[in-house]
Amino acid sequence: SRIIKRMLLSRFFGTLARKPSPSSPLVGYTIKIKELIQNGDIRRAKALLRTLQTELVQPDVVLYSTLLKYYTQQRNIRGALNIITEMKKSGVKPDEITFNTISKLHLDMGDEKGAKHWLNEMQHSGIKPTIITYTQWLKHYVDHQNDKGTRDILTQMENSGLHPDTFTFSVLVKQQVLRNNINGAVYLIERMLHTKTPPHQVPVARVLKMLIDHNHLSRAKRLLTKNSTEHSQSPRIFPSMC
């Protein structure tokens, strides 16, 4: 009944539940749901969500994203998918954060097919992949030493007018260096130089050192020359090779 539901809300939230903000009651409830989730009480959080749906206001994408984040942190694909199903049933459209979150969960679980499904859903919904979308895929392919996948994603990014930032390139290059993947590391540096993403010196230095350590001096010189040409001056690394 209405009285029982009000009592439940009061038990959860005290005065906030009894007197929600007249301007935006959903904000206050979203904050409290987030607190419940942070305390690991997903059962009460979902119970409140159901109460909101029937008694108070329509949950929005922010509230659903809060619940979705919980399930992704728990690596619970079934729970995450249920949240998205509930979103659609309630008429709330997933946004780019929703699609990126569920795609990353699939990638983290090694389910590349599932992640591609949500990437396609994202595009079919009229939402363009973001820098975060592409970066997640880049990290996945680098982690699995899939050079073809890495090249394909970088090409897709360029075709969409996006480019990895310096931090993303640096992380990707570092991973390739740690795996002694010379071809993959050199390819990333060449793409980074081509897109003129500043500054380049730290990842370039890593790859140059790797090439020298493996006695690939000619490749190191070519890379150093290309880096110098792109920046119109020679970097102060390995000056004896100039």
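Analyst: Axes are lines fitted to C-alpha atoms, for helices over the stretch in contact, and the angles run from 0 to 180 degrees between N-to-C directions. This is a predicted model, in which local features need pLDDT of at least 70 and side-chain atom pairs count only at pLDDT 80 or more, while totals for chains, interfaces and linings use all residues. Residues are numbered from 1 along each chain as its sequence is written, and side-chain values use heavy atoms, with hydrogens and water left out.

User: How many helices and strands does the secondary structure of the protein contain?

Analyst: Helices (H or I, at least four residues) and strands (E, at least two) are DSSP runs, numbered from the N terminus. The protein has 14 helices and zero strands.

User: At what angle do the axes of α5 and α7 cross?

Analyst: The axis of helix α5 (residues 61-73) crosses that of α7 at roughly 10°, and the two come within 10 Å. The pair is therefore roughly parallel. Contact means heavy atoms within 4.5 Å; by this criterion V61, S65, L68 and T72 of α5 meet T98, T101 and L105 of α7. To classify such residues, Ala, Val, Leu, Ile, Met, Phe, Trp, Tyr, Cys and Pro count as nonpolar, Asp, Glu, Lys and Arg as charged, and the others, Gly among them, as polar. The contact of α5 with α7 comprises three nonpolar, four polar and no charged residues.

User: What are the angle and the axis distance for α10 and α12?

Analyst: Helix α10 (residues 147-159) packs with α12 at an angle of about 10°, their axes being 11 Å apart. These two helices are therefore roughly parallel to each other as well. On the α10 side, the contact involves D147, T150, R151, L154, T155 and E158, and on the α12 side G184, Y187, L188, R191, H194 and T195. The residues of this contact divide into three nonpolar, five polar and four charged.

User: Which residues join K139 in one network of salt bridges?

Analyst: K139 and D143 meet through their side chains at 2.9 Å, N to O. They are four residues apart in helix α9 (residues 131-143), and so are separated by about one helical turn. D143 also forms a salt bridge with R179, where the closest N and O atoms are 3.8 Å apart. Because D143 lies in helix α9 and R179 in the loop between α11 (166-178) and α12 (182-195), this pair ties together parts that are 36 residues apart in sequence. Through shared partners, the salt bridges join K139, D143 and R179 into one network.

User: Is H140 buried or exposed?

Analyst: Buried means under 20% relative accessible area, exposed over 50%, and partly exposed in between (1.4 Å probe, protein chains only). H140, found in helix α9, has a relative accessible area of 6% and is therefore buried. Not counting residues up to four places away in sequence, H140 touches L107 and E112. By contrast, D143 counts as partly exposed at 28%, as does K139 at 42% and R179 at 33%. Of the 242 residues of the protein, 43% count as buried.

User: What is the phi of N180, and what is that of N215?

Analyst: N180 has a positive phi of about 55° although it is not a glycine. N180 is found in the loop between α11 and α12 and is partly exposed, at 48% relative accessibility. For N215, phi is near 65°, again a positive value in a residue other than glycine. N215 is found in the loop between α13 (201-213) and α14 (217-231), and its relative accessible area of 60% makes it exposed.

Note on methods
Salt bridge = Lys/Arg side-chain N within 4 Å of Asp/Glu carboxyl O. Parallel < 35°, antiparallel > 145°, perpendicular 65-115°, else oblique.
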